[in-house]
Amino acid sequence: MRSNSKMTFMILITATIAAGLSQGLLLPILSILLEQKGVSSSLNGLNAAALYIGSFGMTLIAERVLGAVGFKKLIAGGISLVLVSLLMFPFFTGIKVWFVLRLLVGVGDAAINYGAQLWVLLMTPAEHRGRNLSLYGMSYGLGFSLGPLGISLLRYGQAVPFIVLAFLFLLVLILVTTILPDSRPDKAESGESQVRRFGRCYSLAWFALIPALLYGFMEASLNSSFPVYGLRIGYSTDQIAALLPFAGIGGLLLQFPLGLWSDRFGRKRVLIIAGIGGGIAFAMLPLAGDHFTLTMVLLMIAGGLVGSFFSLGLSLAADILPRHLLPAANVVASFHFSIGSIIGPGIGGLLLQVGLSGGIFALMGGLYIVFGLLGLLFSPQPRN
């Protein structure tokens with residue numbers, strides 16, 4: 001990778017860390033604040049889904065916006081939108097206003113992630129795709145894992161976590177606007193509609209696009225439902241803040257090795273093994289009860305095995321699809337991630353509401369195991 005490409009890659013990684021921080025902090029901290037206000041768990045979960053509704057909306061237009069403004073402006077616009085929204089959270093504490101602000105954060109984060117992940121995908125040679133996409137995934141996982149640590153800043157005032165995060169976003173915005181070059185993706189084939197491109201992505205690489213759905217479901221469910229689940233089985237907020245990062249820590253530990261192994265042994269094989277193993281670990285989580293150490297270990301194992309799903313799925317799609325279809329595949333993956341993230345908190349909140357506290361983890365485990373078994377039916381064709 002040339003020096004200017006390395007600088008671009010590092011700034012994209014930094015922007016992705018910031019996006020992970022925003023989601024990793026906002027999901028648990030707002031869930032805790034709403035729980036303490038007496039908001040029902042089902043309504044709490046629906047409010048958490050607002051972030052991903054915003055992401056979903058942005059995903060629908062991301063490809064066209066990127067084609068119109070380019071990578072740099074798309075990413076800078078997303079960072080600016082999140083920055084402004086973060087500064088508004090402490091001043092408007094109503095649940096309806098928070099819903100709107102979460103929508104805006106979702107739009108901004110989706111713009112950052114879509115632009116960064118596609119840029120990394122297009123600038124990476126095939127032989128290093130697993131490695132570089134795993135580094136991208138690690139950067140998001142790092143931010144997402146560090147985010148819940150901001151819960152401890154609540155002791156200094158409810159506004160402090162939001163202000164600290166907004167300052168970090170300001171620094172990233174300066175880097176993006178002053179250093180990143182202007183760049184645009186390849187244009188789609190003349191006369192080929194967006195719907196047709198999406199259809200081709202599904203027909204050729206359906207298995208590679210499912211991991212984004214599962215990853216979104218897992219991430220949002222874990223960070224919105226686990227704090228409420230933990231409070232109800234006896235954990236303190238400090239214990240929850242200490243436990244949540246371990247799913248991301250496991251992902252950080254295995255993200256790079258899984259990426260390298262996918263380059264060597266095949267991405268489909270790695271996805272099958274990781275899906276089944278991670279599913280078993282999630283399904284066992286309710287059995288740990290309030291045993292702190294056992295819960296920590298299971299979160300680390302599960303998060304480690306499935307924390308690479310988004311990047312591994314994109315890498316597999318890039319192996320299969322023609323280059324001009326990669327922006328469309330990126331849209332589909334982001335679309336799936338948003339859908340999973342929207343339904344995850346709602347289902348988790350509903351299960352908590354009816355008294356099935358551990359049901360979300362059993363469901364999550366079952367979905368990953370089914371995905372692994374589906375992999376046995378998928379026979380990808382090398383791209384033409």
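The protein has 15 helices and zero strands, where helices (H or I, at least four residues) and strands (E, at least two) are DSSP runs numbered from the N terminus. Inside the structure sit three cavities of 30 Å³ or more.

Some ground rules: residues are numbered from 1 along each chain as its sequence is written, and side-chain values use heavy atoms, with hydrogens and water left out. Since this is a prediction, local features need pLDDT of at least 70 and side-chain atom pairs count only at pLDDT 80 or more, while totals for chains, interfaces and linings use all residues.

**Overall build**

- Along the principal axes, the C-alpha atoms fill a box of roughly 55 × 45 × 35 Å.
- Of the 384 residues, 56% are buried (under 20% relative accessible area, with a 1.4 Å probe and protein chains only).
- Among contacts (heavy atoms within 4.5 Å) with a separation of 6 or more, 87% link residues 24 or more positions apart.
- The accessible surface is about 14,900 Å², and carbon and sulfur atoms own 68% of that; the areas come from the Shrake-Rupley method with a 1.4 Å probe, and for residues only the protein chains shown count as cover.

**The largest cavity**

- A cavity here is a set of points, on a 1 Å grid over the protein atoms alone, where a 1.4 Å probe fits but cannot get out; lining residues have an atom within 4 Å of a point.
- The largest cavity has a volume of about 230 Å³, volume being the space filled by probe spheres set on grid points that are joined across faces, edges and corners.
- It has 19 lining residues, and N113, Q117, Y136, F310 and F337 are the closest to its centre.
- Helices α3 (50-69), α5 (95-123), α6 (129-146), α13 (309-320) and α14 (326-353) each put at least two residues into this lining, with α5 giving the most, five residues.
- By class, the lining splits into seven nonpolar, 11 polar and one charged; Ala, Val, Leu, Ile, Met, Phe, Trp, Tyr, Cys and Pro count as nonpolar, Asp, Glu, Lys and Arg as charged, and the others, Gly among them, as polar.

**The second largest cavity**

- This one holds about 200 Å³ of space.
- Its lining also runs to 19 residues, with F144, S145, Y215, A247 and G248 nearest the centre.
- At least two lining residues come from each of α6, α8 (194-233) and α10 (245-265), and α10 has the largest share, six residues.
- The lining of the second largest cavity counts nine nonpolar, nine polar and one charged residues.

- S225 lies in helix α8 and is buried, with a relative accessible area of 3%.
- Leaving out residues up to four places away in sequence, S225 touches A220, G348, G349 and L352.
- A205 is in helix α8 and is buried as well, at a relative accessible area of 0%.
- With the sequence neighbours up to four places away set aside, A205 touches A317, I320, L321 and F378.
- The C-alpha atoms of A205 and D319 are 9.4 Å apart, though 114 residues separate the two along the chain.

Definitions and conventions: On a 1 Å grid over the protein atoms alone, a cavity is a set of points where a 1.4 Å probe fits but cannot get out, and a pocket is an open set with protein on both sides within 12 Å along at least five of seven lines; lining residues have an atom within 4 Å of a point. Buried means under 20% relative accessible area, exposed over 50%, partly exposed in between (1.4 Å probe, protein chains only).
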